[in-house]
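Please open the structure in your viewer and keep the selection tool at hand. The tour moves from one selection to the next.

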Amino acid sequence: MTSSSSGPGNSCHYSFKILLIGDTGVGKSSLLVSFISNHLVDLDLSPTIGVDFKIKHLTIADKKLKLTIWDTAGQERFRTLTTSYYRGSQGIILVYDVTKRDTFTNIADVWIKEIELYATNHNCVKVLVGNKADKESERMVTSEEGMAFANEYKCLFLECSAKTRSNVERCFEELALKILEVPELLKEGSAPAKRNILKQKQDQRANHQGGCCS
Ligand code: GDP
Ligand code: MG
(Lines give C-alpha, C1' and ligand atoms only; values in the text may rest on other atoms or scores of the structure.)
(Ligands and ions follow the chains in the order given, each with its own letter.)
Protein backbone atom coordinates (compact mmCIF):
# COMPACT_ATOMS: atom_id res chain seq x y z
CA MET A 1 0.00 0.00 0.00
CA THR A 2 2.64 2.51 -0.95
CA SER A 3 2.03 5.58 -3.04
CA SER A 4 5.26 6.34 -4.76
CA SER A 5 4.17 9.59 -6.39
CA SER A 6 2.23 11.30 -3.65
CA GLY A 7 2.69 14.86 -4.78
CA PRO A 8 4.37 17.19 -7.20
CA GLY A 9 8.13 16.92 -7.23
CA ASN A 10 8.46 14.34 -4.53
CA SER A 11 8.85 10.62 -4.65
CA CYS A 12 8.38 9.72 -1.01
CA HIS A 13 6.53 6.59 -0.01
CA TYR A 14 4.86 8.17 2.98
CA SER A 15 4.25 11.60 4.42
CA PHE A 16 3.82 11.83 8.18
CA LYS A 17 2.64 14.69 10.35
CA ILE A 18 4.62 14.89 13.59
CA LEU A 19 3.86 17.23 16.49
CA LEU A 20 6.07 18.67 19.19
CA ILE A 21 4.26 19.41 22.44
CA GLY A 22 5.21 20.23 26.02
CA ASP A 23 5.62 23.28 28.25
CA THR A 24 7.23 26.49 27.07
CA GLY A 25 11.00 26.47 27.46
CA VAL A 26 11.57 22.70 27.43
CA GLY A 27 13.40 22.95 24.10
CA LYS A 28 10.87 21.95 21.44
CA SER A 29 11.98 24.56 18.92
CA SER A 30 15.61 23.80 19.70
CA LEU A 31 15.06 20.08 19.07
CA LEU A 32 13.44 20.84 15.75
CA VAL A 33 16.17 23.24 14.64
CA SER A 34 18.83 20.81 15.81
CA PHE A 35 17.24 17.94 13.88
CA ILE A 36 16.67 19.93 10.70
CA SER A 37 20.10 21.53 10.56
CA ASN A 38 22.18 18.36 10.90
CA HIS A 39 24.79 20.21 12.89
CA LEU A 40 25.20 22.07 16.16
CA VAL A 41 23.26 25.32 16.16
CA ASP A 42 23.21 28.41 18.31
CA LEU A 43 20.20 27.65 20.51
CA ASP A 44 19.90 31.26 21.59
CA LEU A 45 18.30 31.86 18.23
CA SER A 46 15.43 29.48 18.85
CA PRO A 47 12.96 31.64 20.81
CA THR A 48 12.70 34.05 17.89
CA ILE A 49 12.23 31.39 15.24
CA GLY A 50 8.53 30.78 15.86
CA VAL A 51 8.17 28.14 13.18
CA ASP A 52 4.88 26.63 12.13
CA PHE A 53 6.42 23.54 10.64
CA LYS A 54 9.57 22.22 9.02
CA ILE A 55 9.96 19.42 6.53
CA LYS A 56 12.61 16.73 6.63
CA HIS A 57 13.11 13.83 4.24
CA LEU A 58 14.43 10.59 5.68
CA THR A 59 14.93 7.07 4.44
CA ILE A 60 14.07 4.47 7.04
CA ALA A 61 13.70 0.73 6.51
CA ASP A 62 14.02 1.33 2.74
CA LYS A 63 11.09 3.72 2.79
CA LYS A 64 11.42 7.33 1.72
CA LEU A 65 9.62 9.43 4.27
CA LYS A 66 8.62 13.04 4.35
CA LEU A 67 8.20 14.27 7.90
CA THR A 68 6.27 17.50 8.38
CA ILE A 69 7.16 18.48 11.92
CA TRP A 70 4.95 21.01 13.63
CA ASP A 71 6.22 23.34 16.31
CA THR A 72 3.80 25.41 18.38
CA ALA A 73 4.98 28.95 17.55
CA GLY A 74 4.44 29.84 21.21
CA GLN A 75 0.77 28.88 21.53
CA GLU A 76 1.68 26.24 24.13
CA ARG A 77 2.05 29.08 26.64
CA PHE A 78 -1.72 29.00 26.95
CA ARG A 79 -1.57 25.26 27.73
CA THR A 80 -3.95 24.53 24.95
CA LEU A 81 -3.37 24.10 21.26
CA THR A 82 -5.94 24.30 18.52
CA THR A 83 -7.65 21.11 17.39
CA SER A 84 -6.27 21.68 13.91
CA TYR A 85 -2.78 21.34 15.34
CA TYR A 86 -3.52 17.77 16.45
CA ARG A 87 -5.72 16.73 13.56
CA GLY A 88 -4.32 13.94 11.42
CA SER A 89 -0.99 13.59 13.21
CA GLN A 90 0.63 10.18 13.04
CA GLY A 91 3.32 10.91 15.63
CA ILE A 92 3.55 13.10 18.72
CA ILE A 93 6.72 14.03 20.59
CA LEU A 94 6.03 14.94 24.23
CA VAL A 95 8.94 16.97 25.52
CA TYR A 96 9.90 17.82 29.10
CA ASP A 97 13.02 19.36 30.62
CA VAL A 98 14.92 16.91 32.87
CA THR A 99 15.98 19.88 35.04
CA LYS A 100 12.40 21.08 35.69
CA ARG A 101 10.07 18.69 37.45
CA ASP A 102 6.88 20.64 36.72
CA THR A 103 7.47 20.22 32.98
CA PHE A 104 7.47 16.45 33.61
CA THR A 105 4.33 16.40 35.78
CA ASN A 106 2.57 18.55 33.17
CA ILE A 107 3.05 15.78 30.61
CA ALA A 108 0.42 13.78 32.53
CA ASP A 109 -1.59 16.74 33.83
CA VAL A 110 -1.82 18.72 30.60
CA TRP A 111 -0.35 17.23 27.45
CA ILE A 112 -1.53 13.61 27.56
CA LYS A 113 -5.03 14.98 28.21
CA GLU A 114 -4.80 17.27 25.19
CA ILE A 115 -3.87 14.30 23.03
CA GLU A 116 -6.81 12.30 24.34
CA LEU A 117 -9.14 15.18 23.58
CA TYR A 118 -7.88 16.29 20.20
CA ALA A 119 -5.77 13.70 18.41
CA THR A 120 -7.85 12.14 15.66
CA ASN A 121 -5.64 9.04 15.22
CA HIS A 122 -6.13 7.16 18.44
CA ASN A 123 -3.27 4.85 17.67
CA CYS A 124 -0.84 7.64 16.84
CA VAL A 125 2.68 6.94 18.06
CA LYS A 126 3.95 8.90 21.06
CA VAL A 127 7.53 9.48 22.14
CA LEU A 128 8.33 10.89 25.56
CA VAL A 129 11.51 12.95 25.38
CA GLY A 130 13.48 14.21 28.36
CA ASN A 131 15.47 17.09 26.89
CA LYS A 132 18.49 19.03 28.25
CA ALA A 133 20.18 15.79 29.33
CA ASP A 134 23.48 17.67 28.96
CA LYS A 135 22.67 19.51 32.22
CA GLU A 136 23.33 16.43 34.34
CA SER A 137 24.25 18.38 37.49
CA GLU A 138 20.86 20.16 37.44
CA ARG A 139 18.81 17.05 36.77
CA MET A 140 15.51 16.82 38.73
CA VAL A 141 13.81 13.95 36.89
CA THR A 142 15.55 10.56 36.75
CA SER A 143 15.67 8.37 33.66
CA GLU A 144 13.81 5.68 35.60
CA GLU A 145 10.89 8.03 36.21
CA GLY A 146 10.74 8.90 32.54
CA MET A 147 10.86 5.24 31.58
CA ALA A 148 8.12 4.27 34.05
CA PHE A 149 5.87 7.03 32.74
CA ALA A 150 6.48 5.97 29.14
CA ASN A 151 5.59 2.37 29.99
CA GLU A 152 2.39 3.41 31.67
CA TYR A 153 1.26 5.62 28.79
CA LYS A 154 2.59 3.37 26.02
CA CYS A 155 5.12 5.84 24.69
CA LEU A 156 8.63 5.33 23.39
CA PHE A 157 11.18 6.99 25.65
CA LEU A 158 14.45 8.79 25.09
CA GLU A 159 16.55 11.39 26.81
CA CYS A 160 18.32 13.80 24.53
CA SER A 161 20.01 17.16 24.21
CA ALA A 162 19.21 19.70 21.55
CA LYS A 163 22.42 21.41 22.60
CA THR A 164 24.83 18.53 21.99
CA ARG A 165 22.48 16.81 19.47
CA SER A 166 22.78 13.63 21.47
CA ASN A 167 19.86 11.30 20.59
CA VAL A 168 18.09 14.03 18.59
CA GLU A 169 18.03 12.10 15.32
CA ARG A 170 17.21 8.88 17.11
CA CYS A 171 14.10 10.35 18.59
CA PHE A 172 12.62 11.24 15.18
CA GLU A 173 13.89 8.04 13.56
CA GLU A 174 12.47 5.72 16.20
CA LEU A 175 9.16 7.53 15.98
CA ALA A 176 9.06 7.14 12.19
CA LEU A 177 10.05 3.49 12.44
CA LYS A 178 7.22 2.83 14.87
CA ILE A 179 4.68 4.64 12.67
CA LEU A 180 5.74 2.37 9.80
CA GLU A 181 4.57 -0.60 11.92
CA VAL A 182 0.99 0.70 12.23
CA PRO A 183 -1.07 -0.06 9.11
CA GLU A 184 -3.85 2.49 9.82
CA LEU A 185 -1.30 5.28 10.17
CA LEU A 186 0.35 4.29 6.90
CA LYS A 187 -2.92 4.53 5.08
CA GLU A 188 -3.31 8.11 6.28
CA GLY A 189 0.32 8.86 5.52
CA SER A 190 -0.18 8.30 1.81
CA ALA A 191 -1.47 10.74 -0.78
CA PRO A 192 -4.16 12.90 0.90
CA ALA A 193 -2.01 13.94 3.83
CA LYS A 194 -0.51 16.81 1.95
CA ARG A 195 -3.86 18.44 1.32
CA ASN A 196 -4.72 18.29 5.02
CA ILE A 197 -1.48 19.92 5.99
CA LEU A 198 -2.01 22.77 3.57
CA LYS A 199 -5.48 23.32 4.94
CA GLN A 200 -4.20 23.35 8.51
CA LYS A 201 -1.56 25.84 7.56
CA GLN A 202 -4.26 28.15 6.21
CA ASP A 203 -6.33 27.70 9.38
CA GLN A 204 -3.37 28.54 11.49
CA ARG A 205 -2.49 31.64 9.49
CA ALA A 206 -6.03 32.85 9.99
CA ASN A 207 -5.82 32.23 13.73
CA HIS A 208 -2.44 33.77 14.33
CA GLN A 209 -1.99 36.66 12.00
CA GLY A 210 1.51 37.94 11.62
CA GLY A 211 2.89 35.76 14.40
CA CYS A 212 5.13 33.52 12.41
CA CYS A 213 7.87 33.45 9.90
CA SER A 214 9.28 30.58 7.95
P1 GDP B 1 10.44 25.77 23.56
O2 GDP B 1 9.72 26.90 24.22
O3 GDP B 1 9.98 24.46 24.09
O4 GDP B 1 10.39 25.84 22.07
O5 GDP B 1 11.98 25.89 24.01
P6 GDP B 1 13.21 26.54 23.21
O7 GDP B 1 13.65 25.64 22.12
O8 GDP B 1 12.86 27.93 22.85
O9 GDP B 1 14.35 26.49 24.34
C10 GDP B 1 14.22 27.18 25.56
C11 GDP B 1 15.62 27.46 26.12
O12 GDP B 1 16.26 26.23 26.47
C13 GDP B 1 16.54 28.16 25.15
O14 GDP B 1 17.29 29.11 25.87
C15 GDP B 1 17.46 27.06 24.64
O16 GDP B 1 18.73 27.55 24.33
C17 GDP B 1 17.53 26.13 25.84
N18 GDP B 1 17.72 24.72 25.44
C19 GDP B 1 16.96 24.01 24.58
N20 GDP B 1 17.38 22.74 24.49
C21 GDP B 1 18.46 22.63 25.29
C22 GDP B 1 19.33 21.54 25.63
O23 GDP B 1 19.23 20.41 25.17
N24 GDP B 1 20.31 21.81 26.55
C25 GDP B 1 20.48 23.03 27.10
N26 GDP B 1 21.46 23.20 27.99
N27 GDP B 1 19.67 24.08 26.80
C28 GDP B 1 18.67 23.89 25.91
MG1 MG C 1 9.29 27.08 20.86
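**First stop: S34**

Select S34, which is buried, with a relative accessible area of 0%; buried means under 20% relative accessible area, exposed over 50%, and partly exposed in between, with a 1.4 Å probe and protein chains only. The model is predicted, so local features need pLDDT of at least 70 and side-chain atom pairs count only at pLDDT 80 or more, while totals for chains, interfaces and linings use all residues. Residues are numbered from 1 along each chain as its sequence is written, chains are lettered from A and ligands numbered from 1 in the order in which they are written, and side-chain values use heavy atoms, with hydrogens and water left out.

S34 lies in helix α1; helices (H or I, at least four residues) and strands (E, at least two) are DSSP runs, numbered from the N terminus. Now show the residues that S34 touches: H39, V41, A162, R165 and V168, not counting residues up to four places away in sequence. Contact here means heavy atoms within 4.5 Å. A polar atom of the S34 side chain lies 3.5 Å from the backbone oxygen of A162.

**Second stop: ligand 1**

A backbone N or O atom of A162 lies 2.8 Å from an oxygen atom of ligand 1. For G25, a backbone N or O atom lies 2.7 Å from an oxygen atom of the ligand, and for K28 a polar side-chain atom lies 2.7 Å from an oxygen atom of the ligand. The protein covers 83% of the 580 Å² of accessible area that ligand 1 has on its own (Shrake-Rupley method, 1.4 Å probe).

How many residues surround ligand 1? There are 18, and the closest are G25, K28, S30, D134 and A162; a residue belongs here if one of its heavy atoms lies within 4 Å of the ligand. Helix α1 gives the most to this shell, with three residues.

Select F16, I18, L65, L67, I69 and I93, the residues with the most contacts inside the largest nonpolar core, which has 31 residues. Such a core is a set of buried Ala, Val, Leu, Ile, Met, Phe, Trp, Tyr and Cys residues joined through side-chain atoms within 4.5 Å. Its largest share, six residues, comes from α5.

Next, centre the view on L65. Among the residues that L65 touches are Y14, F16, L58, I60 and A176.

Finally, select Y85, V98, C124 and C155, which are included in a second, separate core of 24 residues.

Notes: A polar contact is a pair of N or O atoms within 3.5 Å; within protein, one must be able to donate a hydrogen and the other to accept it, and residues adjacent in sequence count only if both atoms are side-chain atoms.
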